[in-house]
Amino acid sequence: MPSQRRVDDVKIRQQVDKIVEGIRTKDLESLKQLYATDVVSFDIEPPLQHVGLAAKSKNWATAFTFFQDARYEVRDLTLTVGDDVAFGHCFARLSGTLKNGTVTNGMWVRVTYCFRKIDGNWLITHDQVSVPFDLASGNGVTDLEP
């Protein structure tokens, strides 16, 4: 019989899979179900933080306005799971066909997720998305691949 931590690891990975599917289908309502109402997101675009489910949802809604078809790829997801909190990190890439017909491969970003078990469900309470920074140029480095 699998341990509870192993069961929770699988459930959290399923939540990340739901992010991938929600982005592919541009299903904002299904994405909202994955986040705690008080989520704090340090997303790739300004401001420095987005607080609450409405702010996080607005980020996804804005991203969807640019895409005709969207894809989201997650690589190298690593999780550390406790009784009621967990964290993980991975690489992710948003790509697809823009509304003007341009196909974009997107860029790889670094993602950190923090989960909390709330009423038996693993919800994202914090996420952070970033790209490496070149100190000499002052620019983000967006052409790296995992």
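Which residues does serine 95 touch, not counting residues up to four places away in sequence? In this predicted model, local features need pLDDT of at least 70 and side-chain atom pairs count only at pLDDT 80 or more, while totals for chains, interfaces and linings use all residues. Residues are numbered from 1 along each chain as its sequence is written, and side-chain values use heavy atoms, with hydrogens and water left out.

The residues that serine 95 touches are Phe67, Asp69, Ala70, Arg71, Thr104, Asn105 and Gly106, where contact means heavy atoms within 4.5 Å. Serine 95 lies in strand S4; helices (H or I, at least four residues) and strands (E, at least two) are DSSP runs, numbered from the N terminus. With a relative accessible area of 7%, serine 95 is buried. Here buried means under 20% relative accessible area, exposed over 50%, and partly exposed in between (1.4 Å probe, protein chains only).

The nonpolar core comes next. The largest one has 29 residues, and those with the most contacts inside it are Ile19, Tyr113 and Phe115. Such a core is a set of buried Ala, Val, Leu, Ile, Met, Phe, Trp, Tyr and Cys residues joined through side-chain atoms within 4.5 Å. Two or more residues of this core come from each of helix H1 (4-24), strand S1 (35-42), helix H3 (53-66), strand S3 (67-81), strand S4 (85-98), strand S6 (108-118) and strand S7 (121-130). S3 provides the largest share, 6 residues. Tyrosine 113, leaving aside its neighbours within four places in sequence, is in contact with Val16, Ile19, Tyr72, Ala86, Phe87, Gly88, Cys90, Ile124, His126 and Asp127.

Residues up to four places away in sequence aside, glutamine 15 touches Leu34, Phe115, Trp122 and Leu123. The C-alpha atoms of glutamine 15 and leucine 28 are separated by 14 Å, with the two residues 13 apart along the chain. Arginine 6 is also found in helix H1, but arginine 6 is exposed, with a relative accessible area of 59%. A distance of 8.4 Å separates the C-alpha atoms of arginine 6 and valine 81, which are 75 residues apart along the chain.

The loop between S1 and strand S2 (50-51) holds aspartate 43. At a relative accessible area of 15%, aspartate 43 counts as buried. Its side chain makes polar contacts with the side chain of lysine 56 at 3.2 Å and with that of asparagine 59 at 3.1 Å. A polar contact is a pair of N or O atoms within 3.5 Å; within protein, one must be able to donate a hydrogen and the other to accept it, and residues adjacent in sequence count only if both atoms are side-chain atoms. Not counting residues up to four places away in sequence, aspartate 43 touches His50, Lys56, Asn59 and Val129. Proline 47 is found in the loop between S1 and S2 as well, and a cis peptide bond, with omega about 5 degrees, joins proline 46 and proline 47.

How many residues line the largest pocket? The lining has 25 residues, of which Ile44, Glu45, Trp60, Ala63 and Leu94 lie nearest the centre of the pocket. On a 1 Å grid over the protein atoms alone, a pocket is an open set of points where a 1.4 Å probe fits, with protein on both sides within 12 Å along at least five of seven lines; lining residues have an atom within 4 Å of a point. The space in this largest pocket is about 570 Å³, a volume being the space filled by probe spheres set on grid points that are joined across faces, edges and corners. H3, S3, S4, S6 and S7 each supply at least two residues of the lining, and H3 gives the most, with 6 residues. The lining divides into 16 nonpolar, 4 polar and 5 charged residues. In this division Ala, Val, Leu, Ile, Met, Phe, Trp, Tyr, Cys and Pro count as nonpolar, Asp, Glu, Lys and Arg as charged, and the others, Gly among them, as polar.

Aspartate 76, in strand S3, has phi near 60 degrees, a positive value in a residue other than glycine, and is exposed at 51% relative accessible area. Aspartate 119, in the loop between S6 and S7, has a positive phi of about 50 degrees although it is not a glycine. Aspartate 119 is exposed, with a relative accessible area of 78%.
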